[in-house]
Amino acid sequence: MGLSLGAYAIERIVPRRPVLRGRAIYRDGDYEIRDYSAFHALEMSLYGGREDALQRAFERLSAVDGDGQGRAALLDPVMQSLRSNGADGDGADFAHGRWSVRLPLIAARGADCGFESADPRLRVISVPAQRVAVLRFSSTEPAAFGINRVMLEDFVEDEGLEAEGAVFYAYYGLSRALPFGRQHEVILPIST
């Protein structure tokens, strides 16, 4: 009972962000194929390990959302993709590299949201409509991200689908105080 009351209190103090919704066209356990409409997002590019880059970008992007002026109106999930690195790896930090971290914007706040930043790493981008393969998981272990990426790539190959872009890691509920119960996804764009 105490744990459920604690979770309720956290929900009241730190409410969940609205979520970017895709239309599921196929489900098999934790695997899905989804169609996403085009959307806009705030994106930040920075160098570091996976967790470090995610934390620094999330803090910066959340500060934009919490400026009290309602300019950004961000959605979950926080999405992260490795753009370049010095070494391949499925290790805890995926070595170091250049990471892209993005937060989707509510549709009405797209390209015309009036967002300007003095930080050249932070910008509004347009993401085209796309079909993606998804694997949901809840582990917070760093190695789980690499393991689930490989499992999703195997699923895509086994289903006769063709990958079409970089893998993204999606994090739900990062603004919440406690890590347990958070949902994560590996997302891989595929051809239609």
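A: R23 is exposed, because its relative accessible area is 53%; the classes are buried (under 20% relative accessible area), exposed (over 50%) and partly exposed (in between), computed with a 1.4 Å probe on protein chains only. This is a predicted model, in which local features need pLDDT of at least 70 and side-chain atom pairs count only at pLDDT 80 or more, while totals for chains, interfaces and linings use all residues. Residues are numbered from 1 along each chain as its sequence is written, and side-chain values use heavy atoms, with hydrogens and water left out.

R23 forms a salt bridge with D35, with 3.1 Å between the closest N and O atoms; the term denotes a side-chain nitrogen of Lys or Arg within 4 Å of a carboxyl oxygen of Asp or Glu. This pair links distant parts of the chain, 12 residues apart, since R23 lies in strand β1 (residues 23-28) and D35 in strand β2 (residues 31-36). Helices (H or I, at least four residues) and strands (E, at least two) are DSSP runs numbered from the N terminus. With 18% relative accessibility, D35 counts as buried.

D35 has a further partner in R131, and here the closest N and O atoms are 2.6 Å apart. Because R131 lies in strand β7 (residues 130-137) and D35 in strand β2, the bridge ties together parts that are 96 residues apart in sequence. R131 is partly exposed, at 22% relative accessible area.

A salt bridge also joins the side chains of R102 and E43, at 3.1 Å from N to O. R102 belongs to strand β5 (residues 97-104) and E43 to strand β3 (residues 39-48), so that distant parts of the chain, 59 residues apart, are linked. Both R102 and E43 are buried. Elsewhere, R27, D30, E32, R34, R136 and E185 are linked in a network of salt bridges. A search of the whole structure finds 12 salt bridges.

Charge also meets an aromatic ring. R50 lies over the face of F145, at 3.9 Å from the ring centre; the criterion is NZ of Lys or CZ of Arg within 6 Å of the ring centre and within 35 degrees of the ring normal. F145 counts as buried, at 3% relative accessibility.

The whole structure contains 5 aromatic pairs, that is, rings of Phe, Tyr and Trp (its six-membered ring) with centres within 6.5 Å, where planes under 30 degrees apart count as stacked, over 60 as edge-to-face and the rest as tilted. F145 and Y169 have ring centres 6.0 Å apart and planes at 75 degrees, so they are edge-to-face. This pair links distant parts of the chain, with F145 in helix α3 and Y169 in strand β8 (residues 168-171), 24 residues apart. F145 and Y171 form a tilted pair, 5.6 Å centre to centre with 40 degrees between the planes. As F145 lies in helix α3 and Y171 in strand β8, this pair ties together parts 26 residues apart in sequence. Y171 counts as buried at 2% relative accessibility. F137, F145, Y169 and Y171 form one aromatic cluster.

Helix α3 (residues 142-158) has 17 residues and spans 25 Å from first to last C-alpha, close to the 24 Å expected at 1.5 Å a residue, the expected span being 1.5 Å times one less than the number of residues. Its buried residues are A144, F145, G146, N148, R149, L152, F155 and V156.

The largest nonpolar core has 33 residues, and V78, L152, V156, Y169 and Y171 have the most contacts inside it; such a core is a set of buried Ala, Val, Leu, Ile, Met, Phe, Trp, Tyr and Cys residues joined through side-chain atoms within 4.5 Å. Two or more of its residues come from each of β2, β3, α2 (50-65), β5, β7, α3, β8 and β9 (184-190). The largest share, 6 residues, is that of α2. A second, separate core of 14 residues includes A41, L75, I125 and I187.

The protein as a whole has 3 helices and 9 strands, and 42% of its 192 residues count as buried.
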